[in-house]
Amino acid sequence: MEQQVSYKKVDNRTLWKVIGASSLGTLIEWYDFYIFGSLAIVISTKFFPADNPTAAFLSTLATFAAGFVVRPFGALFFGRLGDIVGRKYTFLITLLIMGLSTFAIGLVPGYETIGFAAPVLVLAFRLLQGLALGGEYGGAATYVAEYSEPDKRGFRTSWIQTTATFGLFISLGVIMLTKSLMSDEAFQDWGWRVPFLISIVMVVISYFIRKNMEESPLFKKAKAEGKTSSNPLKESFGKRYNFKFVLLALFGAAMGQGVVWYAGQFYALSFLQNVCKVDFDQTNYMIGAGLLGATGFFVFFGWLSDKIGRKAVMLSGMLIAVFTYRPIFDKIYHAADPANKVEIGKEQPVVKEAVDEETGERIRTTTLISNFSDGSSLKEIKRERFDQNALDAGPKIDTSRSIHLGNSSFWTIVSLCFVLVFYVTMVYGPIAAFLVEMFPVKIRYTSMSLPYHIGNGIFGGLLPAVATYLVAKSQALNDAAAAAGNALPVDKPYLAGLWYPIIIASVSFCIGLLYISNKKRDIS
């Protein structure tokens, strides 16, 4: 068979170079993409009006999601380019676009300096990031798969799957290291830009590594024989037979895989920070520890899919997630909730006063710290702004709170984060090999990229924003009902956001169970 002939020309050392070079570039692109989400709370205060923190944060999440929404367009544009010109040169271009866009975000002045131009510029660069990522993944996955042995394709491509998690893990690590090297005030002022700016160094290194790689042997053979497509978009989506497989890949696998992935990593982080109000540094350590502990299972489940089939592994992950998400997130909430802890005392309130040089407002900040028997501490900050020109008006008041968890609660949540990422490894480890095997060489890059990026970019990428909205809406309904003396309409409103991934994963599981084949395919 063609694929077996092509593989015999590739020694094991060359194959690992291919995997390493592809994975490094993809890891850097994920790092660039995730930095924005990891710093969402800080960014919301820099590029959006500060008078409504909730609206600013939701706007930041929407900007974060915008990068996901345009990924399918990047998949179409760069997928077509990859099927016509080649895999190698296409993901060289995507790497440069991603890197330069990330670097540029780190240079954009804040809202207080250039007004609404700030969020507009950030959105533009975020859209470029999304377009680049839309072309990157399909190229890397196709490239590695077309080099791999038929019976180890899941194992080989699973190394590409680890890059998304390592990209998030490294982004969290860089953020924490940067914060540790400066004061909180300096990080909030300018230090948050450092993780964006240093990515350019990694991009340049990865560019030169990729530049020296050879083109995929299967694509070179197809091109030499004149068997590449002159119009991959038309052949992928204009022919009913091929388009049927595109839809099956999307609704039977990628859609469910996308929401499980983003629920287990991004929404878990958002849930800890914004619903549970856990200390910012601790949330990053928790997610980072969960990622580090579970990442090796990407490779395990990729290997397992070579033995028992892609379908069985991926659908099992979706089904388990559907039935256990609410109990897991409920346990996370209760582990962090101060109401479930025994208070042992309050520290003396710390009151500071200052004057805003720009507005002339007098600002009084009161910090109160409560300590608990398990080693946790709750910090509540109340800010009162007095307008000197409106003496009869009361102060504008905003409050914030964060809890720093004791060891027991901390490690309980880490273990639950590990479980959530474990689900991610089940659905994500085999997905590259699964998608590659569904389509022929001449339209593979285009055909596999679109369902993957719709499933992940739209269904998955919108999850943090949609889930945050559902939680806020549910809490508002309960508050209104309580004020009117009525029964609360929503049980556990803090879990309302989970209905989105649960419903999507359930639909994907049913479609995949009925229509996806578990047989291996020859990709030549």
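Buried means under 20% relative accessible area, exposed means over 50%, and partly exposed lies in between (1.4 Å probe, protein chains only). The model is predicted: local features need pLDDT of at least 70 and side-chain atom pairs count only at pLDDT 80 or more, while totals for chains, interfaces and linings use all residues. Residues are numbered from 1 along each chain as its sequence is written, and side-chain values use heavy atoms, with hydrogens and water left out.

**Exercise 1. The whole chain**

Task: State how many helices and strands the protein chain has, and compare its radius of gyration with the globule rule.

Solution: 
- Step 1. The protein chain has 23 helices and five strands; helices (H or I, at least four residues) and strands (E, at least two) are DSSP runs, numbered from the N terminus.
- Step 2. The radius of gyration is 24 Å, close to the 24 Å that the globule rule gives for 524 residues, so the chain is as compact as a globular protein of that length. The radius is taken over C-alpha atoms, and the rule is 2.2 Å times the number of residues to the power 0.38.
- Step 3. Along the principal axes, the C-alpha atoms fill a box of roughly 85 × 45 × 40 Å.
- Step 4. Of the 524 residues, 54% are buried.
- Step 5. Among contacts between residues at least 6 apart in sequence, 80% join residues at least 24 apart; a contact means heavy atoms within 4.5 Å.

**Exercise 2. A strand pair and its charges**

Solution: 
- Step 1. A salt bridge is a side-chain nitrogen of Lys or Arg within 4 Å of a carboxyl oxygen of Asp or Glu.

**Exercise 3. A salt bridge across the sequence**

Task: Describe the salt bridge between R310 and E437, and decide whether each residue is buried or exposed.

Solution: 
- Step 1. The whole structure holds 14 salt bridges.
- Step 2. In one of them, the side chains of R310 and E437 meet at 2.6 Å, N to O. This pair links distant parts of the chain, with R310 in helix α18 (residues 310–336) and E437 in the loop between α20 (431–436) and α21 (444–460), 127 residues apart.
- Step 3. R310 counts as buried because its relative accessibility is 4%. E437 counts as buried because its relative accessibility is 5%.
- Step 4. R310 and E437 are linked with R153 and D306 in a network of salt bridges.

**Exercise 4. The rings around F297**

Task: Classify the aromatic pairs that F297 forms with F301 and F422.

Solution: 
- Step 1. Rings of Phe, Tyr and Trp (its six-membered ring) pair if their centres lie within 6.5 Å; planes under 30 degrees apart count as stacked, over 60 as edge-to-face and the rest as tilted.
- Step 2. The structure holds 29 aromatic pairs. Among them, F297 and F301 form a tilted pair, 6.3 Å centre to centre with 35° between the planes.
- Step 3. Both residues lie in helix α17 (residues 296–308), four residues apart, about one turn of the helix. F297 is partly exposed at 28% relative accessibility, whereas F301 is buried at 5%.
- Step 4. F297 and F422 form an edge-to-face pair, 5.0 Å centre to centre with 75° between the planes. This pair links distant parts of the chain: F297 in helix α17 and F422 in helix α19 (residues 407–428), 125 residues apart.
- Step 5. F422 is partly exposed, with a relative accessible area of 23%.

**Exercise 5. Positive phi**

Task: Locate K277 and K492, and state the phi of each.

Solution: 
- Step 1. Most residues other than glycine have a negative phi.
- Step 2. K277 has a positive phi near 60° and is found in the loop between α15 (240–275) and α16 (280–294).
- Step 3. K492 has a positive phi of about 50° and sits in the loop between α22 (463–483) and α23 (499–515).
- Step 4. K277 is partly exposed at 35% relative accessibility, and K492 is partly exposed at 31%.
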